[in-house]
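Open the model in your viewer and keep the selection panel at hand.

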Amino acid sequence: GTLQVSDFPLFINQTSVVSGVQNILNVGFFNVNEINKPGYAATISGDCDANGNINLNLADVKQCTITNDDIAPLLTVTKVVVNDNGGTLQVEDFTLFIDETNATSGVANEVLPGKHKVSELSKIGYASSITGDCDAEGNIEISLGQDKTCIITNDDIAPLLTVTKVVVNDNGGTLQVNDFPLFVDNNSNQVNSGVQNVLDAGQHSVLETQQNGYAATFSGDCDVNGTITLSLADNKTCIITNDDIAPLLTVTKVVVNDDGGTLEVSDFPLFINGTQVLSGNQNILNVGFYFI
């Protein structure tokens, strides 16, 4: 506080008096009082009672003292942690400060009047917001006798997972992305290709409804089985590629020489649609019709 003695008008009953100066009065009852100031606690001592009352007799020389003590402002920093997306941190995991001094959540701290800043050591995966008597940046101005509270809320940030479907039709396949239903964790949680999904932190499984004739592979942030572990605030992508499986056609030549013939398999050139092939070899083809 900065007020001085002269800032507090003093009275005996309704008569103004000066601090430290003797006043000549009549015999009787009197009340010593003042005009108090915000932020100061007043106590009356000496020959007056606690309410400033005094009885004067003839020849009395008495003194009453009014003490005004500046009231320290109180500032409370309250921590709120919201774990609705798989977060596990608690209030005690966040270090709080008033200016450069550590503060304990929910405990009133005596501070000097003036401007102060409330802050914390942030944690990865949590979004922080400041409300209450502080502004959004944690700034606050407090006066003598005030009791204010600033609230720092830390909300766990949901991880995002995008499942992307890629269909490769290089062997005559005709299926498209929407022919492969996609899921996360179970068949009741269907997701759309290329769309971000808000999930809880932890382990998840990416699934699909597979189609005959297509081989599926997982890539991106998922392992080869479609499993992924998400941390708070992650933004990850799993890619499922479905590649149409080329059909295989084997042409086998059989030569029967039971009547004196001498030709062998190699003597009979073989063709698929005019392209020569070898007997017994698998031939990778596209889907479609062929002539042997």
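In which strand is Glu208 found? Select residues 202-208: this is strand β19, and Glu208 is found in it. Keep in mind that the model is predicted.

**Stop 1: Glu208**

Is Glu208 buried or exposed? Its relative accessible area is 14%. Glu208 counts as buried because that value falls under the 20% cut-off.

**Stop 2: its polar partners**

Show the side chain of Lys165 next. A polar contact of 2.3 Å joins it to the side chain of Glu208.

**Stop 3: the surroundings**

Leave aside the neighbours of Glu208 within four places in sequence. Select Phe180, Pro181, Leu182 and Phe183, which are among the residues in contact with Glu208. Ala216 and Ile240 also touch Glu208, and the list includes Lys165 and Asn242 too.

**Stop 4: the whole chain**

Zoom out and colour by secondary structure. The chain has 26 strands and zero helices. Turn to the principal axes: the C-alpha atoms fill a box of roughly 160 × 30 × 25 Å. The radius of gyration is 44 Å, whereas a compact globule of 292 residues would have one near 19 Å.

**Stop 5: surface and charge**

Buried residues make up 28% of the 292. Finally, colour by charge: there are 10 positive and 35 negative charges, with mean positions 9 Å apart.

Note on methods:
Residues are numbered from 1 along each chain as its sequence is written. This is a predicted model: local features need pLDDT of at least 70, side-chain atom pairs count only at pLDDT 80 or more; totals for chains, interfaces and linings use all residues. Side-chain values use heavy atoms; hydrogens and water are left out. Helices (H or I, at least four residues) and strands (E, at least two) are DSSP runs, numbered from the N terminus. The radius of gyration is taken over C-alpha atoms; the globule rule is 2.2 Å times the number of residues to the power 0.38. Buried means under 20% relative accessible area, exposed over 50%, partly exposed in between (1.4 Å probe, protein chains only). Lys and Arg count as positive and Asp and Glu as negative; His and the chain ends are not counted. The place of a charge is taken as NZ of Lys, CZ of Arg, CG of Asp or CD of Glu. A polar contact is a pair of N or O atoms within 3.5 Å; within protein, one must be able to donate a hydrogen and the other to accept it, and residues adjacent in sequence count only if both atoms are side-chain atoms. Contact means heavy atoms within 4.5 Å.
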